[in-house]
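Here is a short report on one protein model.

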Amino acid sequence: QVQLVESGGGLVQAGGSLRLSCAASGRTASTYAAGWFRQAPGKEREFVAAIRWITWSASRNYYADSVKGRFTISRDNAKNTVYLEMNSLKPEDTAVYYCAARQPAGGNYYDLSSYDYWGQGTQVTVSS
C-alpha cells in the first residue's frame with residue numbers, strides 16, 4: 001500500500017510559477033513510478049507528466065505536449081517525494097492536480113488506468 005499526499009497548489013497569475021509536491025509513504029513507495037494528472041471542471045482527468053527510474057541516479061520523464069518546456073517532474077529519493085515544477089503558467093492550466101503511483105514495469109505511462117494509487121488532489125488556479 002502506498003499513500004500519496006499532494007501540496008503546493010494555489011492561486012497564481014498567468015506567467016507565474018508553482019511547485020507541487022507529492023509525498024509518498026508505505027513500505028514499497030520508493031520502488032514505484034509516479035505521475036501527475038489534472039482535471040479541470042467539466043473535463044476528463046488528463047496526463048501531465050510521469051517519472052520512472054532507470055538507475056538510482058537516472059530517470060526517464062514523460063510529458064504531455066501541452067506542458068513540454070514549461071513543466072518539469074523530478075524526484076527526491078531520500079524524501080520519497082515527487083515534484084512538479086510549473087513555469088509560464090496559463091489560465092488553461094487551471095485544474096485539480098493529482099499525484100499517482102504505479103509499478104514501474106509495463107503499461108502506458110500516459111494512461112491513468114495504469115496507476116494504482118492516487119492522492120487527494122491539490123487545486124491550481126491561474127488567473128489571466
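The sections below take these topics in turn.

## Basis of the model

This is a predicted model, in which local features need pLDDT of at least 70 and side-chain atom pairs count only at pLDDT 80 or more, while totals for chains, interfaces and linings use all residues. Residues are numbered from 1 along each chain as its sequence is written, and side-chain values use heavy atoms, with hydrogens and water left out.

## Nonpolar core

The largest nonpolar core holds 37 residues. A core here is a set of buried Ala, Val, Leu, Ile, Met, Phe, Trp, Tyr and Cys residues joined through side-chain atoms within 4.5 Å. Buried means under 20% relative accessible area, exposed means over 50%, and partly exposed lies in between (1.4 Å probe, protein chains only). Trp36, Leu84, Met86 and Tyr97 have the most contacts inside the core. Elements giving two or more residues to it include strand 3 (18–25), strand 4 (33–39), strand 8 (81–86), strand 9 (95–102) and strand 11 (122–127). Strands are DSSP runs (E, at least two residues), numbered from the N terminus. In soluble globular proteins, nonpolar side chains tend to be buried together.

Tyr97 touches residues from several parts of the chain. Leaving aside neighbours within four places in sequence, its contacts (heavy atoms within 4.5 Å) include Trp36, Leu84 and Met86. Also among them are Glu6, Leu20, Arg38, Phe71 and Val124.

## Disulfide

A search of the whole structure finds one disulfide. The criterion is a pair of cysteine sulfur atoms within 2.5 Å. Cys22 and Cys99 form the bond, with S to S at 2.0 Å. The pair links distant parts of the chain: Cys22 sits in strand 3 and Cys99 in strand 9, 77 residues apart. The angle about the S-S bond is -80°, so the link of Cys22 and Cys99 is left-handed. Both cysteines, Cys22 and Cys99, are buried.

## Salt-bridge network

The structure holds four salt bridges. Each needs a side-chain nitrogen of Lys or Arg within 4 Å of a carboxyl oxygen of Asp or Glu. Which residues are linked in a network of salt bridges? Arg38, Glu46, Arg70 and Asp93 are.

Arg38 pairs with Glu46 at 2.7 Å, N to O. Arg38 counts as buried because its relative accessibility is 6%. Glu46 is partly exposed, at 36% relative accessible area. Arg38 also meets Asp93, at 2.9 Å, N to O. That pair links distant parts of the chain, with Arg38 in strand 4 and Asp93 in the loop between strand 8 and strand 9, 55 residues apart.

Asp93 also bridges to Arg70, with the closest N and O atoms 2.7 Å apart. Arg70 lies in the loop between strand 6 and strand 7, 23 residues from Asp93. Arg70 is buried at 11% relative accessibility. Asp93 is buried with a relative accessible area of 1%.

## Thr125

Is Thr125 buried, partly exposed or exposed? Thr125 is partly exposed because its relative accessible area is 29%. Its place is in strand 11. Leaving aside neighbours within four places in sequence, Thr125 is in contact with Gly10, Leu11, Val12 and Thr94.

Thr125 and Ala40 are 85 residues apart in sequence and 10.0 Å apart in space, C-alpha to C-alpha.

Key. Helix = DSSP H or I, 4+ residues; strand = E, 2+ residues; numbered from the N terminus.
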